[in-house]
Amino acid sequence: MAIPPPEIHLAIKSSFTNIELVQIVIEEALKQLDLGQDEAHWVGIAVREAVANAVKHGNKLDPEKQVEIDFGVEDDCVVIRVVDEGEGFDVEEIEDPLAPENMLKPSGRGIFYMKRFMDDIDYSFRPDGGTVVTLRKSLNSSSQGSEEKEEKQK
Amino acid sequence: MTISVRQKEGFTILDAKGKITIGAGDVVLREAIQGALDAGAMKVLVNLGGVSTIDSSGIGELVSAYTSASNRGAKLALVQLPPKVQDILQITQLVTVFDVYEDEEEAMSAMA
């Protein structure tokens, strides 16, 4: 009998220390799936970036606010949702870290890495507050990220 | 994340081990490099051979360190990049910004 894929729900308080715990849990769950070691590493980094953004930029390190993380498998894709209690942001205002004027900025690379390491990411914003980031990685794909795919489609 | 600092032939060498990630390793790295520059180091090598994971915050600290060193007229180079650190620098094209060497001997020869 096939072992069902892991389904996980985590809720953490907004501290950097807890990001480490989330990555450990997610990487353990990924070991149960048919994903290469390198790809699992990069998915773990993408989740880390999403949770770090939720803790730092979304919840602004408010210990009273939580970040929720859901992990599961849907249609041969690993799907991870990260939800914060923040005010949201304008996706159009995200700067390109490869632009010459941004190359030496100390921040602004997290979402770029998430796009590279996952097949797809999308954002939605709850009317009563809170950002939902959904990360998807196909269990059947190569390691190319969503940005490479976008480039090829142009 | 730990960093040990040693001196060798006019170079300050920082050996980093563990994770350079938000809220932990990134702060340790920042303080170690800033401490070296404040102490007057003009040639700094950051040995990343023992680094298992780096995130965007850790990369940001390396960029800040590079800028701080350049502003003081000091040189900062990275040595012994593990493949995954190399990959993450490559993706954001930062390998073209940093001076990167295979090992400290190669760096010391090039930066002498």
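Between chain B and chain A, 5 residue pairs are in polar contact, both partners being at pLDDT 80 or more; a polar contact is a pair of N or O atoms within 3.5 Å, where within protein one must be able to donate a hydrogen and the other to accept it, and residues adjacent in sequence count only if both atoms are side-chain atoms. The model is predicted, so local features need pLDDT of at least 70 and side-chain atom pairs count only at pLDDT 80 or more, while totals for chains, interfaces and linings use all residues. Residues are numbered from 1 along each chain as its sequence is written, chains are lettered from A and ligands numbered from 1 in the order in which they are written, and side-chain values use heavy atoms, with hydrogens and water left out.

Across the same interface the rule finds 3 salt bridges, a salt bridge being a side-chain nitrogen of Lys or Arg within 4 Å of a carboxyl oxygen of Asp or Glu. A salt bridge joins the side chains of A:R48 and B:D55, at 3.7 Å from N to O. On the side of chain B that touches chain A, β3, α2 and α3 each supply at least two residues; helices (H or I, at least four residues) and strands (E, at least two) are DSSP runs, numbered from the N terminus. The most comes from α2(B), with 7 residues. By type, this side of chain B divides into 9 nonpolar, 11 polar and 4 charged residues, where Ala, Val, Leu, Ile, Met, Phe, Trp, Tyr, Cys and Pro count as nonpolar, Asp, Glu, Lys and Arg as charged, and the others, Gly among them, as polar.

The contact (heavy atoms within 4.5 Å) takes 24 residues from chain B and 23 residues from chain A. About 2,000 Å² is buried between the two chains, and carbon and sulfur atoms give 67% of this area; buried area is the accessible area (1.4 Å probe) that two parts lose on being put together, summed over both. Within chain B, the residues that lose the most area to chain A are B:I22, B:K84 and B:I91, together 31% of what that side buries.

Helix α3 of chain B (residues 83–91) has B:V85, B:I88, B:L89 and B:I91 as its buried residues. These lie on the same side of α3(B), because they cover an arc of only 160° around the axis, the arc being that of the directions from the helix axis to the C-beta atoms. An α-helix has 3.6 residues a turn, so residues three or four places apart point the same way. The buried residues of α3(B) pack against α2 (37–58) and α3 (110–117) of chain A, and also against β3 (43–54), α2 (56–71) and β4 (75–79) of chain B.

Some backbone angles also deserve a look. Most residues other than glycine have a negative phi. Just after α3(B), B:Q93 takes a positive phi of about 60°. In the loop between β4 and α3 of chain B, B:Q80 has a phi near 55° and is partly exposed, with a relative accessible area of 35%. Buried means under 20% relative accessible area, exposed over 50%, and partly exposed in between (1.4 Å probe, protein chains only). A:K60, in the loop between α2 and β2 (66–74) of chain A, has a phi near 50° and is exposed, at 58%.
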